[in-house]
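Please have your viewer ready.

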Amino acid sequence: MNEHKKVPKRIAQTVLNSLKGGVVPRIGLPYITVGRKSEIEALLHDVDIISEGGASFRFIVGRYGSGKSFLLQTIRNYVMDRGFIVADADLSPERRLQGTKGQGLATYRELISNLSTKTKPEGGALTLVLDRWISAVQPEAVQESG
């Protein structure tokens, strides 16, 4: 039986505006995700392994328009809801894993500027992450040094 969930107006408008602009919406993806169950389950299995202290690595490849960004945005939203910190970057000739003309550095810059958390999903969360880390380490350092 199909269950119909009413989409909140704010989310519906955001989704429609994103789709009109040809980009993957940052919110509201569960309302429009269709036919990706096996891929989502496989990636969420990887997330479970990571949350238990393990590691996982995957390449998502496909033709233009096949839904790679959509799938990754769906997983991104899920893991941020679970408290993960997410960094993402699209690779291109200017942003590669390595290169002699600074392409690797450009990728690193993109990853850091796109660092996101649940409370800062649009990116730019490095300061927030560092502030939280310093706040956690400070009492420990004070206790150790007296």
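Is Trp133 buried or exposed? Trp133 is exposed, because its relative accessible area is 54%, where exposed means over 50%, buried under 20% and partly exposed in between (1.4 Å probe, protein chains only). Before going on, note that this is a predicted model, in which local features need pLDDT of at least 70, side-chain atom pairs count only at pLDDT 80 or more, and totals for chains, interfaces and linings use all residues. Residues are numbered from 1 along each chain as its sequence is written, and side-chain values use heavy atoms, without hydrogens and water.

Trp133 sits in helix α6 (residues 126-145); helices are DSSP runs of H or I, at least four residues, numbered from the N terminus. Together with Leu126, Leu130, Ile134 and Val137, Trp133 makes a nonpolar surface patch of about 440 Å².

Now turn to helix α4 (residues 68-81), where you will find Gln73. Gln73 counts as buried because its relative accessibility is 8%. Leaving aside residues up to four places away in sequence, Gln73 touches Val24, Pro25, Arg26 and Leu29, with contact meaning heavy atoms within 4.5 Å.

At least two lining residues each come from α3 (37-51), α4 and α5 (103-113). The lining has 40 residues, and Ile60, Leu72, Asp88, Ala89 and Asp90 lie nearest the pocket's centre.

Methods:
Patches are made of residues with over 30% relative accessible area and no salt bridge: like charges are joined within 9 Å, nonpolar side chains (Val, Leu, Ile, Met, Phe, Trp, Tyr) within 5 Å. Accessible areas come from the Shrake-Rupley method with a 1.4 Å probe; for residues, only the protein chains shown count as cover. A salt bridge is a side-chain nitrogen of Lys or Arg within 4 Å of a carboxyl oxygen of Asp or Glu. On a 1 Å grid over the protein atoms alone, a cavity is a set of points where a 1.4 Å probe fits but cannot get out, and a pocket is an open set with protein on both sides within 12 Å along at least five of seven lines; lining residues have an atom within 4 Å of a point.
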